[in-house]
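Subject: Structure handover

Hello,

Please find the structure below, with the sequence alongside. My notes on what was found in it follow.

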Amino acid sequence: MGFLSAVSFAAGVVFWMLGAWPVFGFFGLDVLVVYWAFRINFRRAAASEEITVTPSELRVRRISHRGHVVEWVLNPLWVQLDQKAHAEFGIERLYLVSRGRRVAIGNFLGADEKASFAKALMTALQAAKRGPSYNPIS
């Protein structure tokens, strides 16, 4: 922001000296718009999503940047993980599907992170489907 402000101020001063003083205000306006965009982005970064898998339930808890909480509770025995993938970009969307209900998850993750998360979530769902007392025999 400091660099952008300095460049805008220097360019504004040049236009002021050339006699185009109204342009100086527009250079200040662009700095304010960029500052406003950074503030919005910073506030929205406070949003989070928690996914908890137990043998009896799968809970998705989404907290918005304003503090609004939305929860979905699903039965892990009926949940399937649906992925929408693009050949070039990888996984674009992840969904939990259960009995006609479709919940989008991990929208803020990148393609590689979504792939890693999908693998970990599938492992957790398989463990939940086996139950709490599952002990594999070697």
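In which helix is K114 found? K114 is found in helix α3, residues 111–130. Helices (H or I, at least four residues) and strands (E, at least two) are DSSP runs, numbered from the N terminus.

Before the rest, a word on the source. This is a predicted model, so local features need pLDDT of at least 70 and side-chain atom pairs count only at pLDDT 80 or more, while totals for chains, interfaces and linings use all residues. Residues are numbered from 1 along each chain as its sequence is written, and side-chain values use heavy atoms, with hydrogens and water left out.

Back to K114. K114 is buried but has no salt bridge, and the nearest side chain of opposite charge, E92, is 7.9 Å away. Buried means under 20% relative accessible area, exposed over 50%, and partly exposed in between (1.4 Å probe, protein chains only). A salt bridge is a side-chain nitrogen of Lys or Arg within 4 Å of a carboxyl oxygen of Asp or Glu. For charge, Lys and Arg count as positive and Asp and Glu as negative; His and the chain ends are not counted. Apart from its neighbours within four places in sequence, K114 is in contact (heavy atoms within 4.5 Å) with I91, E92, R93, L94, G106, N107 and L109.

Next, the strands. Strands β4 (residues 80–86) and β5 (residues 90–98) run antiparallel and are joined by seven bridges; two strands pair if DSSP finds at least two bridges between them. The two form a hairpin with three residues between them. D82 has Y95 in β5 as its bridge partner.

S98 is also in strand β5. S98 counts as buried because its relative accessible area is 8%. Leaving aside neighbours within four places in sequence, S98 is in contact with L74, W78 and V79. R99 lies in the loop between β5 and β6 (101–105). R99, at 66% relative accessibility, is exposed. R99 has a positive phi of about 50° although it is not a glycine. Most residues other than glycine have a negative phi.

How many salt bridges does a search of the whole structure find? The search finds seven. In one of them, the side chains of D82 and R102 meet at 2.9 Å, N to O. That pair links distant parts of the chain, with D82 in strand β4 and R102 in strand β6, 20 residues apart. Both residues are partly exposed: D82 at 23% relative accessibility and R102 at 44%. Salt bridges that share partners also join E50, E57, R59, R61 and E71 into one network.

Within these residues, E50 and R61 meet in a salt bridge of 3.9 Å, N to O. E50 is in strand β1 (residues 48–53) and R61 in strand β2 (residues 58–63), 11 residues apart. E57 forms a salt bridge with R59, the closest N and O atoms being 3.0 Å apart.

Last, the surface. F26, L29, L32, V33 and W36 form a nonpolar patch with about 580 Å² of accessible area together. Patches are made of residues with over 30% relative accessible area and no salt bridge; like charges are joined within 9 Å, and nonpolar side chains (Val, Leu, Ile, Met, Phe, Trp, Tyr) within 5 Å. Accessible areas come from the Shrake-Rupley method with a 1.4 Å probe; for residues, only the protein chains shown count as cover. W36 lies in helix α2 (residues 22–44) and is exposed, with a relative accessible area of 56%.

Regards
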